[in-house]
Amino acid sequence: GAESLDLSLDLWDFCNSDALSSVCFGKGALSFQRAARETACVRVPHDLPQLQHAILGALLGLGAPRIAFHGAAATGDVDIQQRLEEHLAHCALLTAVAQENG
């Protein structure tokens, strides 16, 4: 819902509105696993599953129009066909990046 869109916007801002950075960050965070031994040198957040769930939700929300047009200057009336094409281009970019780096 709305919380996922807020997390998506936070992720998009954190990654400087860059699809590749967003996908790579998400892939790394989602593939991270707790070590089999508790004596591992890497510190793991105690709420790793909840964190991964939030990151997955944020990644899935990156295709929303709110994200696609975030930071775009509102210049008055914009043709709906132009907005649709911009949104489709945004989604196509996310898809291509995810497919190439998945």
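At 38% relative accessibility, serine 17 counts as partly exposed, a class that falls between buried (under 20% relative accessible area) and exposed (over 50%), with a 1.4 Å probe and protein chains only. Serine 17 sits in the loop between α1 and α2, and its phi is positive, about 55°, although the residue is not a glycine. Asparagine 16 belongs to that loop between α1 (2-14) and α2 too. Asparagine 16 likewise is not a glycine and has a positive phi of about 55°. With 65% relative accessibility, asparagine 16 counts as exposed.

A word on the basis of these values is in order. The model is predicted, so local features need pLDDT of at least 70 and side-chain atom pairs count only at pLDDT 80 or more, while totals for chains, interfaces and linings use all residues. Residues are numbered from 1 along each chain as its sequence is written, and side-chain values use heavy atoms, with hydrogens and water left out.

Taken as a whole, the protein has five helices and zero strands, where helices (H or I, at least four residues) and strands (E, at least two) are DSSP runs numbered from the N terminus. Along the sequence the pattern reads α-α-α-α-α. Of the 102 residues in the protein, 23% are buried. The exposed surface comes to about 7100 Å², and carbon and sulfur atoms supply 59% of it; such areas follow the Shrake-Rupley method with a 1.4 Å probe. Among contacts (heavy atoms within 4.5 Å) with a separation of 6 or more, 63% join residues 24 or more positions apart.

Next come the helix pairs. Two packed helices are described by the angle between their axes and the distance between the axes. Here the axes are lines fitted to C-alpha atoms over the stretch in contact, and angles run from 0 to 180 degrees between N-to-C directions.

Helix α2 (residues 19-31) and helix α5 (residues 80-101) have axes that come within 9 Å and cross at roughly 45°. The two helices are therefore oblique to each other, the term for angles that are not roughly parallel (under 35 degrees), roughly antiparallel (over 145) or roughly perpendicular (65 to 115). On the α2 side the contact involves Ala19, Leu20, Val23 and Lys27, and on the α5 side Leu93, Leu94, Val97, Ala98 and Asn101. By class, this contact has seven nonpolar, one polar and one charged residues; Ala, Val, Leu, Ile, Met, Phe, Trp, Tyr, Cys and Pro count as nonpolar, Asp, Glu, Lys and Arg as charged, and the others, Gly among them, as polar.

Valine 97 gives a closer look at helix α5, in which it lies. With a relative accessible area of 11%, valine 97 is buried. Leaving aside residues up to four places away in sequence, valine 97 touches Ala19, Leu20 and Val23. Valine 97 and serine 21 are 76 residues apart in sequence, yet 9.5 Å apart in space, C-alpha to C-alpha.

Helix α2 also packs against helix α3 (residues 48-60), with axes that come within 10 Å and cross at roughly 155°. These two helices are therefore roughly antiparallel to each other, and the crossing of α2 and α3 is left-handed. In α2, Ser22, Val23, Phe25, Gly26, Ala29 and Leu30 meet Gln52, Ile55, Leu56 and Leu59 of α3. The contact of α2 with α3 divides into seven nonpolar, three polar and no charged residues.

Conventions. A crossing is left-handed if the near helix is turned anticlockwise from the far one by less than a right angle, and right-handed if clockwise.
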